[in-house]
Amino acid sequence: MSAIETRLSELGVTLPDAPAPAANYVPYVITGNTVYVSGQISMGPDGFITGKLGDTVSVEDGAAAAKTCAIGLLAQLKAACDGDIDRLVRVVKLVGFVNSTADFTDQPKVVNGASDFLVEALGDKGRHARSAVSAGSLPFGVSVEIEGIFEIA
């Protein structure tokens, strides 16, 4: 088991198989030493994590949904690295989209669910630049979608 997957296991996380795209796009693009991973949507063991922040979803539940997006990003990264996720040099940037009401302003607290998890799992490799923005709706009604940029060896 890789060092990163060992650390994930210590945190009680097993990377799922990388999901296939739901439309006409690829799950990731590699150019040079950079991997661009398409947006990963909030998924739980029973399917999509749905709902709108500021209405039916709490900030805490939104942060938990964002963590599932980060796990999906790592699963796609592992696939991009032909199964060797230890090729990760660092997380460069996340862009988080939060399905929220017009007056909801805690998008950063929601996306912290992904950021905090990546730093906990990866240490300094997990520190990244980030955007956290509101969206009036997201695919399938999910609460959160996050895309990522990674540097690999």
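**Notebook: one predicted chain**

I started with burial: of the 153 residues in the protein chain, 42% count as buried.

**Fold layout**

Next I looked up the secondary structure. I get three helices and seven strands for the protein chain. Reading from the N terminus, the order is α-β-β-β-β-α-β-α-β-β. Along the principal axes, the C-alpha atoms fill a box of roughly 40 × 35 × 30 Å.

I also checked the contacts. Taking those between residues at least 6 apart in sequence, 80% join residues at least 24 apart.

**Surface and charge**

The accessible surface of the protein chain comes to about 7500 Å², and carbon and sulfur atoms account for 51% of that. For charges I find 11 positive and 18 negative side chains. The centres of the two sets lie 5 Å apart.

**Cysteines**

How many disulfides does the chain have? The count comes to zero. I wanted to know why for Cys-69, and the distance settles that: its sulfur is 20 Å from the closest cysteine sulfur, in Cys-81, which is too far for a bond when the cut-off is 2.5 Å. Going from the other end, Cys-81 is in no disulfide either, with the sulfur of Cys-69 as its nearest cysteine sulfur at 20 Å. Buried or exposed, these two? Cys-69 is buried, at a relative accessible area of 0%. Cys-81 counts as buried too, at 2%.

**Positive phi**

Last, the backbone. Which residues did I note with a positive phi despite not being glycine? Asp-82 is one of them, with a phi of about 55°. I found Asp-82 in the loop between α2 (59-80) and β5 (88-99). Asp-82 is exposed, with a relative accessible area of 70%.

Phe-140 is not a glycine either, and its phi is positive at about 60°. This residue lies in the loop between β6 (129-135) and β7 (144-152). I looked up the accessibility of Phe-140 as well: the relative accessible area is 52%, over the 50% cut-off, so Phe-140 counts as exposed.

Terms used
Residues are numbered from 1 along each chain as its sequence is written. Side-chain values use heavy atoms; hydrogens and water are left out. Helices (H or I, at least four residues) and strands (E, at least two) are DSSP runs, numbered from the N terminus. Buried means under 20% relative accessible area, exposed over 50%, partly exposed in between (1.4 Å probe, protein chains only). Contact means heavy atoms within 4.5 Å. Accessible areas come from the Shrake-Rupley method with a 1.4 Å probe; for residues, only the protein chains shown count as cover. Lys and Arg count as positive and Asp and Glu as negative; His and the chain ends are not counted. The place of a charge is taken as NZ of Lys, CZ of Arg, CG of Asp or CD of Glu.
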